[in-house]
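Hi,

Here's the structure I said I'd pass along.

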Amino acid sequence: MSGTRLPAAEFESEEIALASAPPGPDGGPDMVQFLDPDGRLNDHPEFGGFSSGTGAERLKALYRDMYLIRRFDQEATALQRQGQLALWVPLTGQEAAQIGSGRALQAQDYVFPTYREHGVALTRGVRLSEMLRLFRGITNGGWDPRENNFHLYTLVLAAQALHAVGYAMGLQRDQAADPTLAPAASVAYFGDGASSEGDVHEAMVFAASFNAPVVFFCQNNHWAISVPSSVQTRVPLAQRAEGYGFPGIRVDGNDVVAVEAVTNWALEHARSGKGPVLIEAFTYRMSAHTTADDPTKYRLSREEEDWHPRDPLARLEKHLRTTGKAGDAFFDELTKEAKAMAVELRRDVQAMQPPGLEERFNTVYAEPHPLVQEELQAWRDYEAGFIGEEETS
Amino acid sequence: MALNTFHLPDVGEGLTEAEIVSWKVQPGAVVAVNDTIVEIETAKSLVELPSPFAGVVSALLVAEGDTVEVGTAIIAVEDAVPAPGEPTSGGPAAQAPAPEMPGELTTPPPVEPAAGPENGPLVGTGPKADAVRRRPRRAAGANTPEPEPAPAPPPAPAVPAALPAAGADGTGPAAGRPDPRPGPLNQLLNRVLAKPPVRKAARDLGINLADVPATGSSGEVTKQDLMSYQAQRDAEQDGADSFWDDRKKHGAGRIERIPVKGVRKATAKAMVQSAFSAPHVSIFVDVDASRTMEFVKRLKASRDFEGIKVSPLLILAKAVIWAAARNPSVNATWTDDEILVKHFMNLGIAAATPRGLMVPNIKDAQNLSLKELALALNDLAVTARAGKTQPAQMQGGTLTITNIGALGIDTGTPIINPGEVAIVAFGTIKQKPWVLDGEVIPRWITTLGGSFDHRVVDGDLSARFMADVASILEEPALLLD
């Protein structure tokens, strides 16, 4: 009698649509934007003075960074699909937020990233192939954080916000002890998902209490794995700063020029002793959460299509071409450069070997330790007991 | 001019196998690095795999539709002829890395197969599926008992495979030949849901959780349920020890006087009125409810019914509504000079409550979808158990179900709710031997009992109604009619 009332597919699509009703790509009137999705560059009354310039060379450099890191992302994804990496965390869609903020940093600033900040790593000068060692599963770190003031990737998210605040408080003390040091700030990168975690709250409370020189850079990419940002917060994330007592700014995270200007301002604010700032970069994760994730299971392709016209690379390319700041020659050259980078990356990754067990003994303590040396010797003797090649893995 | 084989990678953190959905290349095709070669489906998603090699496809080693372990060689690609490729389509990539690729990628195909199915890496990062082998040792003491044992075969694999297989199997444990094991499906169906502290408390109190009526939102036994069950049991059991001795309490008499009032009084009156004014005819039928159990299990697992308590009572309720439409006289009232046939169903559910027996009903149950009906049943049960049933909820019933099975009773002769002409008693569902196609096999069996007012419902009509209800329990798919 009531065949139509039995559970049917119509239930499902309704529920999905309800659960994931996206806030839409429009970030609201308060969002700082210089470069609109059509490639038109406008000035901004408040932050215009903080941009490092919109000349051809500057914009081309920013575009190059974004293009290379996207190509890197694609190659790493392919390497994962080919079994060369255990996992990959794609950043596609967030290039402007990462490159823009990264290029605003100065050498003495210190970055605490999540595991998705490949673009920031590029601006800090971390070798891109080095970053893949972690994802190949052959190291716990991958690079020396002190070399580029770019901390190791944090895998258990939100913890890095606390680290950043602690580091910033350390900077304050260094500064007090030695006023000749260049003023510095630390930056905590995190996302809309981590913003719901207690660590971020504690970090912001401490940062405000101690007026720490830290910039909280939140990339609101709208999805915490499968949970939409509408579930994380009822108000724009940037507004939360007000409750802690420091400024919060929402910036168009797909506009590299605006992100750079706003981050410049925030860093200067922090370095000059005025305390922390929260930046919410309003952006979109155009790809999966990781290569082990399938976003088609929880979000609609309509939403992805809504964001497509706001692609950070597309709008800057439009601007460069329509204003004549760059032409085919620039883009062709860049394509070639990216391809060469990908080939080199692939070669580097395939040449990476897992560490031998012997290395483990060397990393128990910072300095040689008699007990460990003894154990190492015992292990060597044990290994020598086997027939055949003595390899250490 | 080397032959490279590509081994199925673990593309999603801990996958052990994948299905080859479709090949995007055929033998003889020229591929460049990162050209899509195949689409696979893992437990997590559909994934396109890009080629790690440039060259000419020499063989597809796995057919479409096959599911293979991570680490299995799936395609062989021969290096491109050493003509210097143009920079287009990854040419240089092919040339530079190919000769110095790590060994695992250039392994000629026939090396690994023997080790195949035993040892897929649980968390594989790549093509290397090492056979776990004991390395031969140097003869140290000449006769050390180190006998080169064959690779100890882990006896594990069969067990985990069995569970999902039985669960997915259409008609459950009873389907095929008799299975010596108790059957994981049974265990799943019988499993009582409860949170760990409740489980512990039940164990400490010596209460079998299965006996406790559950009111949790997901059908779990809550702390409250356990406490009220315990209170009731205590009241009865504590009394048991001293029941025969303790007379002083009742004013030195041998008889305890309990005032008849409230629900008890109303129940008594209604039952007498019904039993002695309506001539009852009762009939019973045994039903194989295995498919109902399956259906309930599927509903529980479905997204739409997430968080909603689903029980066989839901299917019975639906069946009764369905059967009443086919036999309208059971949904009626006798008024001495008229028979009022109701074209709506206010389905009463007899519920044991702290205040006594209550028969609240679901108004216009005929208009409810399965999901709405489930919600209404939940709501009704929770309200009744909390003792909050309002009089209005008990008025205007047209037909009643009494779920005596919830108390572990097989069947009984129900007494019709006054003003109605039919009542269905739903017995417990348990596994019993059942003859199907000449074979005795365990099936989920229940007994339906029905009482009818003979003034309205004659024997043949009551029999047809009960047969209709039974047919739905035997095959819930008939509801789709």
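Predicted model: local features only at pLDDT ≥ 70, side-chain atom pairs only at ≥ 80, totals over all residues.

Chain B has an open sheet of four strands, running β5-β4-β2-β7 with antiparallel pairing. Which strands sit at the edges? Those are β5 (46-50) and β7 (67-69) of chain B, each of which pairs on one side only. From one strand to the next, the twist averages 40°.

Glu39(B), for instance, has Glu48(B) in β5(B) as its bridge partner.

**The helix pair in chain A**

Over in chain A, have a look at helix α5 (residues 128-136) and helix α14 (residues 328-351), whose axes come within 10 Å and cross at roughly 45°. Because of that angle, α5(A) counts as oblique to α14(A). As for handedness, the crossing of α5(A) and α14(A) is right-handed.

So which residues meet there? On the α5(A) side you'll find Leu128(A), Ser129(A), Leu132(A) and Arg136(A). Facing them from α14(A) are Met341(A), Leu345(A), Asp348(A), Val349(A) and Gln350(A). Sorted by class, the contact of α5(A) with α14(A) comes out as five nonpolar, two polar and two charged residues.

Cheers

Methods:
Residues numbered from 1 in each chain as written. Chains lettered and ligands numbered in written order. Heavy atoms only, no water. Pairing = 2+ DSSP bridges. Helix = DSSP H or I, 4+ residues; strand = E, 2+ residues; numbered from the N terminus. Axes fitted to C-alpha atoms, helices over the stretch in contact; angles between N-to-C directions. Parallel < 35°, antiparallel > 145°, perpendicular 65-115°, else oblique. Left-handed = near helix turned anticlockwise from the far one by under 90°. Contact = heavy atoms within 4.5 Å. Nonpolar A, V, L, I, M, F, W, Y, C, P; charged D, E, K, R; others polar.
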